[in-house]
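Subject: A structure for you to look at

Dear colleague,

I am passing on a structure that I have been going through, and I would be glad if you opened it beside this message. Below it you will find what came out of the reading, one part of the fold at a time.

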Amino acid sequence: MPFLDIGDLAMYYELHGDPDAPNVLMISGTGNDLRTSFPDRNPVNKVGNVCHFDQRGLGQTDIPDGPYTMAQYADDAAGLVAELGWSTCHVVGTSFGGMVALNLAERHPELIERLVLNCTSPGGDFASFPLHTLTGAPAEELLDRRMRLTDERYDPEAEQPLPDIARSVFDAMVARAASPATGQAAAGARRQLEARSSHDTNHVLSRITNPTLVCAGRYDHIAPMANSEKLANEIPDAVLRVFEGGHLFMLQDRTAFAAINTFLSSGER
């Protein structure tokens, strides 16, 4: 299995796509584990030499003692880029990964070519929903709350409770929610949520000079529309695309990955 030593971590990563295409770093969301998120099927692999990785405390990457900070997550990403031998790369950050990407833009701007920020937030007064406040809720209550935050149209009685999400995918989400992490894995996930709660990059937005695509789901209550509008308005060379979906709009709106790939591969906005 591919691991690299990044600071205090043995970090698990995978490369997919075309080795001769532009380098792309994919930074994933809260609790992501490459063993369950199918990085080999990600549509961005069609246009790039794409690195997917488990962030500190998650998946097959080490779970060091906490607390963790957003600066550490950004430096982990920068260290991975360096160990891969890349001088620069496109960066695609989704949800928590978008927060990491914003911190990367603050701490290591020289590494980034084009930037994609999916369903994410700058923090501060424009923060994503504080998911750490849901910790400890009964499993059924937690599932219902998370689903309603994910997409305001959620209807547990519908054939597709989350619109345009296949029932099989929804059922897999429910099954994972019914088997929460325990032990060290739970500690790593908790430390990520705690780091996320202090995220605030509003002061850096006006200094981000990279061409930036901000993508939002119209029905997302984890990263509300106002937060994406803030990003697009404050980052000088940014544009906003709104898609028909919630926090999972990339699975709900077939045009989303097409827009991202066009932005990364041809420079079109």
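Ser95 counts as buried because its relative accessible area is 8%, where buried means under 20% relative accessible area, exposed means over 50%, and partly exposed lies in between (1.4 Å probe, protein chains only). If its neighbours within four places in sequence are set aside, Ser95 is in contact (heavy atoms within 4.5 Å) with Gly29, Asn118, Cys119, Thr120 and His247.

Before going further, please keep in mind that this is a predicted model, in which local features need pLDDT of at least 70 and side-chain atom pairs count only at pLDDT 80 or more, while totals for chains, interfaces and linings use all residues. Residues are numbered from 1 along each chain as its sequence is written, and side-chain values use heavy atoms, with hydrogens and water left out.

Cys119, one of the contacts of Ser95, deserves a look of its own. Cys119 lies in the loop between S6 and helix H4 (139-150), and its phi is near 40°, which is a positive value in a residue other than glycine. With a relative accessibility of 1%, Cys119 is counted as buried. Phe38 also has a positive phi, of about 55°, although it is not a glycine. Phe38 belongs to the loop between helix H1 (34-37) and S4, and it is classed as partly exposed because its relative accessible area is 43%. In another loop, the one between S4 and helix H2 (70-83), you will find Pro67, and the peptide bond that leads from Gly66 to Pro67 is cis, with omega near 0°.

Now for the chain as a whole. Its secondary structure comes to 9 helices and 8 strands. The radius of gyration (taken over C-alpha atoms) is 17 Å, close to the 18 Å that the globule rule gives for 269 residues, so the chain is as compact as a globular protein of that length; the rule itself is 2.2 Å times the number of residues to the power 0.38. Buried residues make up 51% of the 269 residues, and among contacts between residues at least 6 apart in sequence, 75% join residues at least 24 apart.

How are the strands arranged in the sheet? The 8 strands form an open sheet in the order S1-S2-S4-S3-S5-S6-S7-S8, with mixed pairing, where two strands are said to pair if DSSP finds at least two bridges between them. Strand S1 (3-6) and S8 are the edge strands, each pairing on one side only. From one strand to the next the twist averages 25°; axes are lines fitted to C-alpha atoms, for helices over the stretch in contact, and angles run from 0 to 180 degrees between N-to-C directions.

Some pairs can be followed strand by strand. S1 is joined to strand S2 (residues 9-17) by 4 bridges, and these two run antiparallel, with Phe3 opposite Tyr12 in S2. Their hairpin has 2 residues between the strands, and in it Gly7 takes a positive phi near 60°. S2 also pairs with strand S4 (residues 49-53) in the antiparallel sense, over 5 bridges, and Gly17 stands opposite Asn49 in S4. Strand S3 (residues 23-27) and S5, by contrast, run parallel and are joined by 4 bridges, with Leu25 opposite Val91 in S5. Helix H3 (residues 96-107) packs on the sheet, where it touches S3, S5 and S6, and its direction makes about 140° with that of S5.

Finally, please look at helix H9 (residues 255-266). Its buried residues are Ala256, Phe257, Ala259, Ile260, Asn261, Phe263 and Leu264, and they pack against several elements, among them strand S7 (212-217) and helix H8 (249-252). Thr212 lies in strand S7 and is buried, with a relative accessible area of 0%.
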